[in-house]
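Dear colleague,

I am passing on the structure we spoke about, and my notes on it follow below. Please read them with the model open beside you.

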Amino acid sequence: SVEPLIKNLSWKPSAPETDDERLRRLALLSLAANAGEDSRLIAEAKDLALAWVKDRQAVPPDEADTVLEVAGRFADSALFDRFQAEAKKAEDPADRQRLIVALGSSKDTGLARKALDAMAAHAFQPMDSLLLLFVLSMHAETRSLTYDYLKQRYDAVVAALPSDALFGYLPKTAEGLDPPDRQSDVESFFKDKDVRLTGGPRIIAQVVESIRLNHAFKEVQLPSLCELL
């Protein structure tokens, strides 16, 4: 448990600290908030994130990434809408990236769907749309939703992304999926798509293999985990 380690810690340091101490503090707080769902740290992150939206100096740049990601993961509809509105108008690319990651970190599938709809409607810049798509596909809560959305609205999603083929590894949104039937699903869906956008057969094969390995790992480890619990 990290609880004893974070008891006297906050997102804002109470005393001067070295770079190593700051990085260690942020790592502990991120773990306690994201995995441990510590209510105090989540509430503090949301308050700081709102302060940052109003004034970029409210949170140091090297801490804003973590604070906004935590705030975005547990955002309610009002905070999510605030992040989305700010992401549409922010001029600094680094600020937009932080806001897009916050939107993509939401564990609420309803809000995640809202972000995907905004992306498909070209609410964000192409590179930001690409980032949103892949951040959403990284989280267990929204991975299947993101992949299924891509399948259902493929043309709209592709139109919202950068046209450069280097940014087109769309099958990778399925990485991390578990059910075995997703293997054939990925192969059948992407096999006839433009290889400039899919990365071609090699990328599809890599993603299919990742799904197979994820399922195999779960099958091997789940019994011992259940026994331990």
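The axes of α6 and α8 approach to within 8 Å and cross at roughly 35 degrees, and the crossing of this pair is right-handed. On the α6 side the residues that take part are Arg-96, Gln-97, Ile-100, Val-101, Leu-103 and Gly-104, and they meet Asp-128, Leu-131, Leu-132, Val-135 and Leu-136 of α8. Please keep in mind, here and throughout, that this is a predicted model, and that every value I quote is computed from it.

Helix α6, which covers residues 93–104, also packs against helix α4, residues 61–73, with axes that come within 7 Å and cross at roughly 25 degrees. Angles under 35 degrees count as roughly parallel, and α4 and α6 are therefore described as roughly parallel to each other. The crossing of α4 and α6 is right-handed. In this contact Arg-98, Leu-99, Val-101 and Ala-102 of α6 meet a set of α4 residues made up of Pro-61, Ala-64, Asp-65, Leu-68, Glu-69, Gly-72 and Arg-73. If you follow Val-101 in the viewer, you will find this residue in the contact with α4 and again in the contact with α8.

Gln-97, a residue of helix α6, is listed among those that meet α8, and yet Gln-97 is partly exposed, with a relative accessible area of 46%. Its C-alpha atom lies 8.1 Å from that of Ala-87, a residue ten places away in sequence.

When contacts between residues at least 6 apart in sequence are considered, 72% of them join residues that are at least 24 apart.

Which residues of helix α9 are buried? In this helix, which runs over residues 143–152, they are Arg-143, Thr-146, Tyr-147, Tyr-149 and Leu-150. Viewed down the axis of α9, these buried residues fall within an arc of 160 degrees, so they line one face of the helix.

Helix α7 holds Lys-114, which counts as partly exposed at 33% relative accessibility. Leaving aside residues up to four places away in sequence, Lys-114 touches Ser-77, Phe-80, Asp-81 and Gln-84. Of these, Ser-77 is 37 residues from Lys-114 in sequence, while the two C-alpha atoms are 9.9 Å apart in space.

Two loop residues may deserve a look when you inspect the backbone. Glu-37 sits in the loop between α2 (19–34) and α3 (39–54), and its phi is near 50 degrees, a positive value in a residue other than glycine. His-122, in the loop between α7 and α8, likewise has a positive phi although it is not glycine, here near 65 degrees. Glu-37 is partly exposed, with a relative accessible area of 42%, and His-122 is partly exposed as well, at 47%.

Finally, is Arg-196 buried or exposed? This residue lies in helix α12, residues 195–198, and with a relative accessible area of 57% Arg-196 is exposed. Along the chain Arg-196 and Asp-164 are 32 residues apart, and their C-alpha atoms are separated by 8.5 Å.

Methods: Residues numbered from 1 in each chain as written. Predicted model: local features only at pLDDT ≥ 70, side-chain atom pairs only at ≥ 80, totals over all residues. Heavy atoms only, no water. Contact = heavy atoms within 4.5 Å. Buried < 20%, exposed > 50% of the residue type's maximum accessible area, 1.4 Å probe, protein only. Helix = DSSP H or I, 4+ residues; strand = E, 2+ residues; numbered from the N terminus. Arc of directions from axis to C-beta. Axes fitted to C-alpha atoms, helices over the stretch in contact; angles between N-to-C directions. Parallel < 35°, antiparallel > 145°, perpendicular 65-115°, else oblique. Left-handed = near helix turned anticlockwise from the far one by under 90°.
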